[in-house]
Amino acid sequence: MSASGSAPLTPDRDPGLQPERTRLAWRRTTLSGTVSAVLAVKTALHGGVSVAGVVACALCCLLWLGFLGVAHRRIGALSVPGSPAAFAPRHATAAVLCTVAMAVCGAALVL
């Protein structure tokens, strides 16, 4: 307790840490998506080229580009000083759909 009898003062939270962690998480996720897209290309071209493999690979690469666009937009929003803007629901939906669809394409390539 402080001298006045009230609860002790706690230091203010640094508002710069959470956006920094979120920005780094977006970068890590983008990197893992890049690795997935590269592995999709490798898998599609391994053992001969098939139409289904090329279509799945092209779709996976397009989904990766879509996710990359959403991630780049969010990283840019987190880089501005002050409190970052809220993540728009349509961007969040696009990121989730790209991620899930890329996983489905990857599973189709493996099977």
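Helices are DSSP runs of H or I with at least four residues, whereas strands are E runs of at least two, both numbered from the N terminus. The structure is a predicted model, in which local features need pLDDT of at least 70 and side-chain atom pairs count only at pLDDT 80 or more, while totals for chains, interfaces and linings use all residues. Residues are numbered from 1 along each chain as its sequence is written, and side-chain values use heavy atoms, with hydrogens and water left out.

**Exercise 1.** Describe the span of H1 and the residue Gly47 that follows H1.

Solution. Begin with the span: the 29 residues of H1 reach 42 Å from the first C-alpha to the last, which is close to the 42 Å expected at 1.5 Å a residue, taking 1.5 Å times one less than the number of residues. Then move past the helix to Gly47, whose phi is positive, near 75°.

**Exercise 2.** Find which residues of H1 are buried, and what covers them.

Solution. Taking buried as under 20% relative accessible area, exposed as over 50% and partly exposed as in between (1.4 Å probe, protein chains only), the buried residues of H1 are Pro19, Arg23, Trp26, Thr30, Gly33, Ala37, Ala40 and Ala44. Their cover includes H2 and helix H3 (89-110). Arg23 counts as buried because its relative accessibility is 17%, and, leaving aside residues up to four places away in sequence, Arg23 touches Ile75, Leu78 and Ser79, where contact means heavy atoms within 4.5 Å.

**Exercise 3.** Work out how H1 and H2 are oriented to each other.

Solution. Helix H1 (residues 17-45) packs against helix H2 (residues 51-79) at an angle of about 165°, with the axes 9 Å apart; axes are lines fitted to C-alpha atoms, for helices over the stretch in contact, and angles run from 0 to 180 degrees between N-to-C directions. H1 and H2 are therefore roughly antiparallel (over 145 degrees). By class, their contact has 16 nonpolar, seven polar and three charged residues.

Definitions and conventions: Angles under 35 degrees count as roughly parallel, over 145 as roughly antiparallel, 65 to 115 as roughly perpendicular and the rest as oblique. Ala, Val, Leu, Ile, Met, Phe, Trp, Tyr, Cys and Pro count as nonpolar, Asp, Glu, Lys and Arg as charged, and the others, Gly among them, as polar.
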